[in-house]
Number of protein chains: 2
Amino acid sequence: MTERRDLAAMLQPLVKSLIAAELRVLEEHGISMWSYVVLSALDDSPIRTQAALAEAIGADKTRIISTLDRLQEAGLISREPDPEDRRARLLAITQDGRSARRAAQADIRANEERVLAALSAADRQAFLRAAQALSAMPHEEIVG
Amino acid sequence: MTERRDLAAMLQPLVKSLIAAELRVLEEHGISMWSYVVLSALDDSPIRTQAALAEAIGADKTRIISTLDRLQEAGLISREPDPEDRRARLLAITQDGRSARRAAQADIRANEERVLAALSAADRQAFLRAAQALSAMPHEEIVG
DNA sequence: TATTGTTATACTCTATAACTATA
DNA sequence: TATAGTTATAGAGTATAACAATA
């Protein structure tokens with residue numbers, strides 16, 4: 001049997017630290033974690049309903065409302081009733097929102113690069129490749 | 001710039017799935033996550049105070065009390081006042097506790113091996129080596 | 001007075017249920 | 001009546017503060 005600690009027990013503190021690092025950077029940019037997640041989702045493409053956005057980022061629809069309020073207030077997203085179905089809210093990132101998100105992301109990635117520098121070039125590549133492969137596995141396949 | 005998603009955003013869902021998998025296994029063994037963490041800490045060596053145990057597993061001292069109650073009730077740990085300082089509680093795993101912990105750990109690792117089988121042998125090795133190296137970094141060094 | 005463990009309280013985050021408006 | 005969004009409420013998990021026992 002391979003002698004190692006449980007994978008989850010090993011990775012969880014690492015992820016916790018990475019999230020703490022991300023929160024520090026985001027705080028410098030005046031953005032909350034949920035705001036960053038929303039901006040990142042909308043930077044890929046606009047979304048037609050708040051429920052769809054919540055679904056896309058794995059959040060409850062009731063939980064993102066105050067975040068959307070603040071983002072709209074700050075002019076980082078637009079949020080208008082769909083003329084064709086005025087129950088729905090068309091969501092899109094603004095130019096300011098895009099700038100804010102990308103500036104924050106650049107700082108986050110710079111810090112992650114600094115951390116990854118602890119690895120050899122070969123291990124770094126393999127680690128990222130493996131992490132990508134594992135995180136692409138369906139939740140059910142991992143849970144079994 | 002390397003084209004990849006944020007590291008934390010990539011790893012967090014993976015860890016979440018791994019924890020869900022672990023919880024499923026632990027449930028089959030009738031052990032909670034906190035109980036498993038406590039048993040794992042005590043399987044390495046006994047601990048002289050509850051505060052030290054809490055510190056060791058990164059928990060609040062008030063938060064492990066009900067867990068210790070249940071473990072003691074189930075006969076998986078021993079917990080006696082230190083004769084030399086009766087404020088302190090000497091904590092140790094019992095033979096039953098050790099059996100329970102190791103049985104659970106074997107199943108957890110078996111599932112993790114199944115997940116890791118998605119990787120090539122080389123990537124699997126490099127991933128584990130890198131994960132170990134990164135998780136050994138001090139929290140402050142990652143946060144920056 | 002200081003320390004260990006415990007209990008009581010408050011706070012944060014999240015999920016559930018009820019409500020408004022549009023369809 | 002059904003759906004999108006919102007607000008109000010309740011629940012779980014955690015941290016903080018007060019307390020009891022021992023030193």
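Here is a short chat about reading the contacts in this predicted model.

Visitor: What should I know before I start?
Guide: Residues count from 1 along each chain as its sequence is written, and chains are lettered from A and ligands numbered from 1 in the order in which they are written. Local features of this predicted model need pLDDT of at least 70, side-chain atom pairs count only at pLDDT 80 or more, and totals for chains, interfaces and linings use all residues, while side-chain values use heavy atoms, leaving out hydrogens and water.

Visitor: Which residues come nearest to DNA strand C?
Guide: "Near" means that a heavy atom of the residue lies within 4 Å of the strand. Of the 17 residues around DNA strand C, A:Arg63, A:Arg87, B:Gln50, B:Ala51 and B:Arg89 come nearest.

Visitor: How far is A:Arg63 from a phosphate oxygen of DNA strand C?
Guide: An N or O atom in the side chain of A:Arg63 is 2.6 Å from one.

Visitor: How is the size of an interface often given?
Guide: Often as the accessible area lost when the parts come together. Here the probe is 1.4 Å and the loss is summed over both parts. Chain A and chain B bury about 4900 Å² between them, with carbon and sulfur atoms giving 66%.

Visitor: How many salt bridges cross the interface of chain A and chain B?
Guide: Look for a side-chain nitrogen of Lys or Arg within 4 Å of a carboxyl oxygen of Asp or Glu. The rule finds four across this interface; one of them joins A:Asp123 and B:Arg129 at 2.8 Å, N to O.

Notes. A polar contact is a pair of N or O atoms within 3.5 Å; within protein, one must be able to donate a hydrogen and the other to accept it, and residues adjacent in sequence count only if both atoms are side-chain atoms. Buried area is the accessible area (1.4 Å probe) that two parts lose on being put together, summed over both.
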